[in-house]
Amino acid sequence: MRASDPIFFASGAAALVYQVVWGRLLARTLGSDAFATGLVLALFMLGMALGAELGARLAARSARPQRLYAGFLFAAGAWAALSPWMLDALGTVDGWWPRALAASLVLLVPTVAMGATFAPMGRLAIPGSRTLGAGTASFYGANTLGAASGAVAAAFLLLPNLGFPGSLWAAAGLDVAAGLAALLWLGGAAQEPEAPSRAARTPLGVPWPLLLAPPLLGASSLALEVLFTRILISLTGASIYAFALVLSAFLLGLGLGARRGAAWLAIWPPRVVLGFCAFGSLWAALLGVALLGWRAGVGDLFAPLVNLMPRDGDVVRLWVAHGLLAVLALVPTGMAFGLALPAAMGAAKLVAPKADEARLLGRLYALNTLGAAVGALAAAFYLLPWLGPRWAFALALAPALVAALCLPWPGPRLRGAVGLATVALAALVLAPRPAPGEPWRVLQTAHGPVSSASVDESGEGRNAVRSLRVDGKVVATTAPVDRRLQLVLGALPAWLGDAPKRALVIGLGTGMTAGALLHFPTIEEIRIVEISSAVAEVAPLFAAWNGQLLEDPRTRLVLGDGRHALRLVEPGSFDVVTSDPIDPWTRGSADLYALEHFEAMGRALAPGGVASQWLPLYQLSPADVRTVVATWCAAFEHTAAYLSAYDLALIGSHRPLPTELLARPLPPSLVGALAPLGLRSAAELVALDVGGTAELLAFADGEPPMREERPVLEFRAPKSFLAGYATEALAWAGRAEYVERLPGPSQPAARELRTHLARFLAELPGGWSAAAERYGAALLAPTSPP
């Protein structure tokens with residue numbers, strides 16, 4: 001190991017922490033929808049590419065590249081340390097495009113500085129031109145392995161403990177330390193350029209196949225990473241830890257391939273290694289598909305997938321299992337791509353010996369980075385949504401195949417034969433396979449830039465149940481207990497309000513929550529904001545349960561980030577605001593449970609308006625539930641909670657909630673929709689009430705509200721994924737003493753609900769599924785007479 005390796009490792013780790021944190025913070029400013037996410041990625045990669053060119057030109061002229069390298073690290077670190085305030089200030093800029101332009105300027109300086117370190121690293125690490133390929137492999141591998149560790153550290157260590165600003169400051173400190181170490185320890189490692197000014201003006205003279213290979217291989221590498229990530233997340237769930245493991249596995253492959261390949265480049269001609277890497281990346285990607293399918297027990301990885309979630313074991317074992325899937329899929333592929341770039345450097349230097357090394361490093365790295373950006377954007381925005389994962393994967397292989405066929409090694413005949421064999425292997429591996437005998441039928445599948453969605457159906461006739469899956473996880477169904485929750489979540493705020501006219505619904509899902517609002521005759525507009533185009537595409541399959549919501553002239557569906565859209569509405573615009581987001585443990589969804597989001601819901605309410613929020617009482621720890629309750633109560637002066645079965649509908653308003661609820665008639669059509677779900681009257685709906693503001697604050701027990709700068713749910717909730725039901729919160733909801741506070745006609749139903757709940761909690765140790773099924777059946781049965 002060289003003295004420079006730990007330094008390059010540290011700067012790589014810091015860069016990935018920046019990327020992870022900036023991506024999240026900019027999503028809050030620009031939105032988390034596909035366009036905003038793609039813009040952030042494009043800005044990041046463009047800045048890196050521009051920086052590579054700038055750094056190459058400066059390094060070609062510099063006699064002391066260690067100072068140049070340290071200066072860029074100091075600049076990136078200083079900017080990162082200040083960036084929380086810069087990004088926060090973007091929220092005051094009016095208009096999406098002005099904010100996007102301001103975000104571009106904020107990102108440009110640090111990303112250019114990070115990209116500019118590549119050529120100085122090469123000057124510091126490579127002792128002579130004959131070792132350009134092997135030397136590049138060595139420092140590029142160390143830097144990329146650092147990036148892999150940064151991805152893991154950000155998710156598992158820094159963000160949970162330090163929050164977003166603290167994580168940026170820690171990474172900035174690491175950059176400063178790496179820069180100081182470079183100044184102290186790498187002072188004698190540089191090679192003096194013979195004629196700096198002349199070298200900067202000399203044409204590179206690299207043949208076009210060698211200039212074409214880096215962007216083509218970069219395009220395939222990031223496109224495949226995007227597609228493998230979508231497949232893996234459908235198997236593992238979309239927690240921040242799952243994403244971190246997938247990203248780190250890919251970076252680990254890149255780093256290992258470069259480091260291990262340094263020895264090969266010292267022995268074999270670089271053009272041979274490059275040709276092997278180009279074809280090898282294709283074989284490795286197909287091997288990854290086969291290995292992942294074998295390990296996951298899935299015959300066809302490109303068919304609709306389901307989360308593989310064990311019911312026993314601990315969360316550490318779960319993460320290990322998820323990490324193993326990511327390693328099998330991505331490390332072999334990453335190793336081939338990781339070695340390809342250093343091999344291209346070495347091959348280019350041999351055919352253009354007069355080319356300046358720094359400029360060569362910068363140019364090929366910039367081309368590789370631009371190709372990677374194009375590949376990632378094309379896969380997420382075009383290939384996957386338009387073609388589906390199978391054909392998207394096939395086309396993602398195409399750039400690497402073109403690069404392999406254009407390279408000088410192997411010879412033309414052998415290249416053609418190997419190319420045909422590769423195409424045949426791809427056809428075999430990617431071919432559709434018969435689905436195993438699953439207990440459900442897939443009705444429709446859709447893929448979008450943000451997520452994939454599918455609708456499946458189990459059972460027959462009147463007992464048939466349709467389920468909506470997002471990235472493999474069931475998020476809503478037409479089972480009676482689930483319909484009960486969705487209708488209650490939408491109906492309660494409208495019923496508690498005063499003749500509501502305009503409603504805003506965050507999250508479409510099956511459409512049943514928004515569809516509940518159609519029963520209120522005063523409703524004139526229902527605006528639904530859904531981030532996933534795939535969910536919107538499959539939602540019509542639930543028309544029979546949501547009242548033909550999307551066909552109703554009062555409905556307006558907006559594709560976009562609901563949290564971002566809520567910030568843009570005029571204060572007091574809506575009489576009802578209801579939020580039915582995805583589970584809190586899903587990456588990024590914690591922002592929809594943060595105080596700032598709840599306060600934005602409150603600002604959007606007209607005088608007398610009412611808001612509602614879904615809170616699941618499963619797969620969350622007691623602290624997680626208390627955090628959401630405390631945050632909700634901090635945003636609204638007047639609150640309440642209603643228990644549908646094992647979910648809470650939190651209610652909030654800035655005015656006192658009505659007390660004489662039984663004097664408020666329910667719309668007859670709503671009564672007809674709720675009756676089969678165990679709620680046959682207004683009295684039975686009121687019986688779901690389990691607490692007002694005083695009771696909710698007592699339950700929260702001093703838990704601090706969650707703010708955006710430290711979204712603790714995002715990091716805590718996945719650790720409770722295997723914990724089952726939140727029994728402490730359910731027991732609180734079922735306390736008998738609260739029944740006496742309810743209206744007399746509601747008390748019999750309230751007591752019966754608590755009896756069923758107590759039996760459910762007692763039966764849970766004997767099996768979650770069976771206990772939940774009996775509990776649901778009991779809730780739907782007619783209420784016993786008093």
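A residue is called buried when its relative accessible area is under 20%, exposed when that area is over 50%, and partly exposed in between, using a 1.4 Å probe and protein chains only. The model shown is predicted, so local features need pLDDT of at least 70 and side-chain atom pairs count only at pLDDT 80 or more, whereas totals for chains, interfaces and linings use all residues. Residues are numbered from 1 along each chain as its sequence is written, and side-chain values use heavy atoms, leaving out hydrogens and water.

**View 1. Proline 743 in a loop between two helices.** Proline 743 lies between helix H25 (727-733) and helix H26 (747-763), helices being DSSP runs of H or I with at least four residues, numbered from the N terminus. With 26% relative accessibility, proline 743 counts as partly exposed. Setting aside neighbours within four places in sequence, proline 743 is in contact with Leu662 and Val686, where contact means heavy atoms within 4.5 Å.

**View 2. Helices H1 and H3 packed together.** Helix H1 (residues 4-30) and helix H3 (residues 65-90) pack at an angle of about 20°, with their axes 11 Å apart; the axes are lines fitted to C-alpha atoms over the stretch in contact, and angles run from 0 to 180 degrees between N-to-C directions. H1 and H3 are therefore roughly parallel to each other, a term for angles under 35 degrees. Among the residues making the contact are Tyr18 and Trp22 of H1 and Ala76 and Gly77 of H3.

**View 3. Surroundings of tyrosine 18.** Leaving aside neighbours within four places in sequence, tyrosine 18 is in contact with residues including Met114, Leu168 and Asp175.

Methods: Angles under 35 degrees count as roughly parallel, over 145 as roughly antiparallel, 65 to 115 as roughly perpendicular and the rest as oblique.
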